[in-house]
Amino acid sequence: MTRIPAEDRDLLENAFYFPMLLTVLERDRQLIEQSSFKLKKPYLEIIEAAMKAAQMDLAAVKKKMKMKNMKVVKLGSDEAFTSYLFIYRGYEERHNYFNPRLRNHTENLLRFYLLERLNTKMEEQKLPPSAGITFQN
């Protein structure tokens with residue numbers, strides 16, 4: 001039984017999910033830079049914008065954790081599980097996470113930062129930017 005409320009546990013989990021997400025984004029950015037894409041810049045801009053948004057969210061998580069006297073320490077991992085120590089207001093709890101669960105949630109975060117976060121911006125703008133050509137009905 002955990003003594004940590006769900007909201008605070010989410011903060012603690014985000015403290016290790018966001019760095020995983022940033023690692024994936026950084027690797028992808030490097031792969032795109034080294035690739036033979038003809039037009040790399042739009043892809044790099046999308047990844048860098050996602051990284052910036054994730055970094056800002058991670059900073060907010062760290063700030064809240066500091067205010068609430070919370071810490072996360074990675075204890076270790078094997079082929080199946082990764083263990084973390086949650087330090088919450090003087091209490092220590094060990095939590096084990098199934099590695100495929102970590103991967104799947106990181107993938108969900110990646111999908112959010114690359115797609116869903118941008119969809120709200122795209123819905124505001126109904127048409128792609130014009131190159132000066134106007135269409136008549």
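Predicted model: local features only at pLDDT ≥ 70, side-chain atom pairs only at ≥ 80, totals over all residues.
1. Glu 26 and Arg 29 stand three residues apart in helix α1, which means that about one helical turn separates them. Their side chains meet in a salt bridge at 2.5 Å, N to O; the term denotes a side-chain nitrogen of Lys or Arg within 4 Å of a carboxyl oxygen of Asp or Glu. Glu 26 is partly exposed, with a relative accessible area of 24%, whereas Arg 29 is buried, with a relative accessible area of 16%. Here buried means under 20% relative accessible area, exposed over 50%, and partly exposed in between (1.4 Å probe, protein chains only).

2. Residues are numbered from 1 along each chain as its sequence is written, and side-chain values use heavy atoms, with hydrogens and water left out.

3. The protein contains three helices and three strands, arranged along the sequence in the pattern α-α-β-β-β-α. These elements are DSSP runs, numbered from the N terminus: helices are H or I with at least four residues, and strands are E with at least two.

4. Of the 137 residues of the protein, 29% count as buried. The protein exposes about 10200 Å², of which carbon and sulfur atoms supply 56%; the areas come from the Shrake-Rupley method with a 1.4 Å probe, and for residues only the protein chains shown count as cover. Among contacts between residues at least 6 apart in sequence, 54% join residues at least 24 apart, where contact means heavy atoms within 4.5 Å.

5. Which residues have the most contacts inside the largest nonpolar core? They are Leu 21 and Tyr 113, in a core of 29 residues. The elements giving two or more residues to this core are α1 (6-34), α2 (41-67), β2 (81-88) and α3 (99-124). Helix α1 supplies the largest share, ten residues. A nonpolar core is a set of buried Ala, Val, Leu, Ile, Met, Phe, Trp, Tyr and Cys residues joined through side-chain atoms within 4.5 Å. Leaving aside residues up to four places away in sequence, Leu 21 touches Ala 54, Thr 106, Leu 109, Leu 110 and Tyr 113.

6. The whole structure holds six salt bridges. One of them joins the side chains of Asp 8 and Lys 68 at 2.7 Å, N to O. This pair links distant parts of the chain, since Asp 8 lies in helix α1 and Lys 68 in the loop between α2 and β1 (70-77), 60 residues apart. Asp 8 counts as buried at 5% relative accessibility, while Lys 68 is partly exposed, with a relative accessible area of 24%.

7. A further salt bridge is formed by the side chains of Arg 101 and Glu 13, at 4.0 Å, N to O. Arg 101 belongs to helix α3 and Glu 13 to helix α1, so the pair ties together parts that are 88 residues apart in sequence.

8. Aromatic rings require a separate point. Rings of Phe, Tyr and Trp (its six-membered ring) pair if their centres lie within 6.5 Å; planes under 30 degrees apart count as stacked, over 60 as edge-to-face and the rest as tilted. By this rule the count comes to ten aromatic pairs. Phe 16 and Tyr 97 form an edge-to-face pair, 5.2 Å centre to centre with 65° between the planes. Phe 16 lies in helix α1 and Tyr 97 in strand β3 (residues 91-98), so the pair ties together parts that are 81 residues apart in sequence. Both Phe 16 and Tyr 97 are buried.

9. The rings of Phe 81 and Phe 98 have centres 5.5 Å apart and planes at 50°, so this pair is tilted. Phe 81 is in strand β2 and Phe 98 in strand β3, 17 residues apart, and the pair links distant parts of the chain. Phe 81 is partly exposed, with a relative accessible area of 40%; Phe 98 likewise counts as partly exposed, at 43% relative accessibility.

10. One aromatic cluster is formed by Phe 16, Tyr 17, Tyr 84, Phe 86 and Tyr 97.
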